[in-house]
Amino acid sequence: MLPAEPNTSTRETSTHARDPRPHVVIIGGGFAGLTAARKLARAAVRITLIDRTNHHLFQPLLYQVAMAVLNPADITVPIRWMLRDQQNVTVIMAEVDSIDLTNRTIALDAGSSTVDWDYLLVASGARHAYFGHPEWEANAPGLKSIEDALEMRRRFLLSFEAAERASAAGERDALLTFVIVGGGPTGVELAGMIPEITRHTLRRDFRRIDTRTARIILLEAGSRILPQFPEDLSARARRDLEDLGVDVRLGTAVTGVDDDGVTLANGERILAHTVFWGAGNQASPLARQLGVPLDRAGRVIVESDLSIPGHEHVFAVGDIAAVMTRAGTPVPAVAPAANQMGEHAANGILNDLRGNSRTPFAYFNKGDLATIGRYRAVAAVGRLKMQGWLAWLAWLFVHILYLAGFRNRITVFVQWAYQYFTYQRGVRLITGTTAHRLLRTSRTRERERAVERTTGHEAA
């Protein structure tokens with residue numbers, strides 16, 4: 001299944017114009033893309049890895065950047081550094097504009113350059129989904145990138161600063177109400193971390209507000225949180241959150257998000273100036289450019305070997321691919337699954353080069369872990385179930401183990417130890433919009449609501 005003729009490019013790949021090796025292009029430097037590149041380290045191919053950023057992000061700990069536990073640099077590693085010893089890889093930092101499957105070309109940076117390919121691995125990941133309401137993102141940021149985490153951290157810390165200056169009780173209550181939409185791992189971990197911050201970290205920092213009065217509300221449209229876990233562990237996670245003071249509401253769908261808060265399907269309004277979104281994933285827009293069937297989340301429905309229908313030299317891997325397990329359930333959007341898909345696609349290329357047949361992808365579930373807070377976590381590894389202390393320690397160990405780079409492992413361990421003994425966050429930095437601007441906006445809304453109430457009474 002070798003390509004008939006290696007493509008060459010007169011632009012980005014012009015330095016390889018006479019290189020007879022097949023050209024493998026990988027879009028995305030996440031878990032799947034990096035794993036594929038490394039698997040092909042000794043293959044007779046030349047690789048171009050394209051990513052819109054210059055770093056690999058360890059997404060499972062992104063929420064800790066959002067909650068001021070870790071610095072962005074603690075969970076990121078430069079892609080070039082990770083591949084510095086792999087001589088058959090060229091890294092390009094660029095935005096992919098379009099993919100032409102017929103001519104096997106990729107346009108970069110508004111068409112300023114193109115890259116030709118013989119094999120293509122699309123591993124561009126996913127973004128958060130707002131279920132047909134993209135306008136909600138302005139008031140309810142999700143958590144997929146470093147920029148998302150910094151924006152979430154800014155809004156979170158800014159709410160306390162504005163509440164300290166608020167004069168009306170209604171303003172303070174809205175500023176100290178935090179709504180998390182979605183009961184998956186991201187939502188649960190965010191909701192579980194906020195109480196520790198409000199009860200310990202910030203308790204003595206303010207004079208006019210009591211941060212311990214903050215409300216944390218977790219909204220889940222389904223019948224339970226952490227639905228990928230066994231029911232008893234989901235129930236344990238809910239009890240842990242409620243013990244921490246989190247208001248967990250199941251079977252509660254959101255029908256509106258605006259400057260003032262959220263509207264629920266039952267008509268209830270929750271006034272809150274800080275809303276975080278963790279309710280779903282939507283595949284990268286690049287999936288639509290491939291011209292193949294997509295699922296409801298916009299993911300590519302791939303063949304058994306992870307290639308896309310009708311194009312055996314194009315693979316979709318990671319969060320952009322819709323893959324089913326042997327049990328008929330979707331492969332979860334987690335790092336181990338992305339690693340396995342990246343490796344399998346690379347093995348498909350190696351089998352082609354060796355003249356062997358490709359094999360179907362089979363996902364091996366290494367287990368599920370979720371932390372709810374200090375000493376609180378749940379874990380399911382095969383038939384083994386853990387909760388409480390033991391699961392919490394397992395969570396710490398696994399996340400340290402999977403972090404890229406020795407420096408990051410040491411730094412994160414030190415930060416966690418510092419937080420454990422002091423309850424303090426070392427990166428409580430606010431940038432961008434000031435508390436004065438947020439407070440002014442809040443007061444304007446309060447006056448508008450007062451006018452509406454007065455007008456309503458007069459009309460009555």
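Strand E9 (residues 119-122) and strand E21 (residues 311-316) run parallel and are joined by three bridges, where strands are DSSP runs of at least two residues marked E, numbered from the N terminus, and two strands pair if DSSP finds at least two bridges between them. Within this pair, leucine 121 stands opposite phenylalanine 315 in E21. The model is a predicted one, in which local features need pLDDT of at least 70 and side-chain atom pairs count only at pLDDT 80 or more, while totals for chains, interfaces and linings use all residues. Residues are numbered from 1 along each chain as its sequence is written, and side-chain values use heavy atoms, with hydrogens and water left out.

Both strands belong to an open sheet of six strands with mixed pairing, in the order E5-E2-E1-E9-E21-E20. Strand E5 (89-93) and strand E20 (307-308) stand at its edges with a single partner strand each, so one side of each has no neighbour in the sheet.

## Antiparallel three-stranded sheet

A further open sheet is formed by three strands in the order E23-E24-E25, with antiparallel pairing. Here strand E23 (368-373) and strand E25 (384-387) are the edge strands, and because each has a single partner strand, one side of each is left without a neighbour in the sheet. E23 pairs with strand E24 (residues 376-381) over five bridges in the antiparallel sense, and threonine 371 stands opposite alanine 377 in E24.

Strand E14 (residues 254-258) pairs with strand E15 (residues 261-264) in the antiparallel sense over four bridges, and the two form a hairpin with two residues between them. The bridge partner of aspartate 258 is glycine 261 in E15.

E15 is also joined by three bridges to strand E16 (residues 269-271), again running antiparallel, with threonine 263 having arginine 269 in E16 as its bridge partner. This hairpin has four residues between its strands, and glycine 267 in the turn has a positive phi of about 95°.

## A covered helix and an exposed phenylalanine

Helix H6 (residues 185-201) has 17 residues and reaches 23 Å from its first C-alpha to its last, close to the expected 24 Å, a span calculated as 1.5 Å times one less than the number of residues; helices are DSSP runs of H or I with at least four residues. H6 is mostly covered, with 13 of its 17 residues buried.

Phenylalanine 413, by contrast, is found in helix H10 (residues 406-422) and counts as exposed because its relative accessibility is 55%. Buried means under 20% relative accessible area and exposed over 50%, with partly exposed in between (1.4 Å probe, protein chains only).
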